[in-house]
Amino acid sequence: MQPVESGGGLVQAGGSLRLSCDASGRTYRSSAVGWFRQAPGKEREFVAGISNTGIGPDYADSVKGRFTISRDNAKDLVSLQMNSLKPEDTAVYYCNALEYWGSRRSRYTDWGQGTQVTVSP
């Protein structure tokens, strides 16, 4: 069962959003988890990752200092706090387990529906 992403929306540049990934159907508790995004006409790209214990988050350079990934293993939830949003952050955001901690590749080839984030200038 794929994860369920939520929390997206329309926001002005400089605004904030908090995305949530409910992985209870598949359970990611023992897995490193990542957020990915795909903008129209572009490849899906890695955004942020967190180990199964929550240590050492990894961020793409484009979001470092603006986004924060966290997780609550008791609830099987992984969150992405996005601050200082820019129009170039506009994309559909997805979560997925990582191949292993330190990888920026997804473990599974199937994806959830994602959640749309649109940042207006």
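In which loop is Ser-84 found? Ser-84 lies in the loop between E8 and strand E9 (91-97), and the legends below start from the strands. The model is predicted, so local features need pLDDT of at least 70, side-chain atom pairs count only at pLDDT 80 or more, and totals for chains, interfaces and linings use all residues. Residues are numbered from 1 along each chain as its sequence is written, and side-chain values use heavy atoms, with hydrogens and water left out.

**View 1. The open sheet of 6 strands.**
The strand order is E2-E10-E9-E4-E5-E6, with mixed pairing. Strand E2 (9-12) and strand E6 (58-59) are the edge strands, each pairing on one side only. Strands (E, at least two residues) and helices (H or I, at least four) are DSSP runs numbered from the N terminus; two strands pair if DSSP finds at least two bridges between them. Strands of a sheet pair through backbone hydrogen bonds, either parallel or antiparallel. E2 and E10 are parallel, with 4 bridges, and Val-11 has Val-119 in E10 as its bridge partner. E9 and E10 run antiparallel and are joined by 3 bridges; here Ala-91 stands opposite Val-117 in E10. Strand E4 (residues 33-38) is antiparallel to strand E5 (residues 45-50), with 5 bridges between them, and Val-33 faces Ile-50 of E5 as its opposite residue.

**View 2. Alternating side chains along E10.**
Thr-115, Val-117 and Val-119 point to one face and are buried. Buried means under 20% relative accessible area, exposed means over 50%, and partly exposed is in between (1.4 Å probe, protein chains only).

E7 and E8 form a hairpin with 4 residues between them. Asp-76 is in the loop between strand E7 (67-72) and strand E8 (77-82); its phi is near 55°, positive in a residue other than glycine. Asp-76 has a relative accessible area of 4% and is therefore buried. Ser-84, not a glycine either, has a positive phi of about 50°. Its relative accessibility is 40%, so Ser-84 counts as partly exposed.

**View 3. The aromatic pair Tyr-28 and Tyr-108.**
Rings of Phe, Tyr and Trp (its six-membered ring) pair if their centres lie within 6.5 Å; planes under 30 degrees apart count as stacked, over 60 as edge-to-face and the rest as tilted. The count by this rule is 4 aromatic pairs. In one of them, the ring centres of Tyr-28 and Tyr-108 are 6.4 Å apart and the planes are at 15°, so the pair is stacked. The two residues are 80 residues apart in the chain: Tyr-28 is in the loop between strand E3 (17-22) and E4, and Tyr-108 is in the loop between E9 and strand E10 (115-120). Tyr-28 is buried because its relative accessibility is 1%, whereas Tyr-108, at 26%, is partly exposed.

Tyr-94 and Trp-111 form an edge-to-face pair, 5.7 Å centre to centre with 75° between the planes. Tyr-94 is in strand E9 and Trp-111 in the loop between E9 and E10, 17 residues apart. At 12% relative accessibility, Tyr-94 is buried. Phe-36, Phe-46, Tyr-94 and Trp-111 make up one aromatic cluster. The charged end of Arg-44 sits over the ring of Tyr-94, 4.5 Å from its centre, and over the ring of Trp-111, 3.8 Å from its centre. A charge sits over a ring if NZ of Lys or CZ of Arg is within 6 Å of the ring centre and within 35 degrees of the ring normal.
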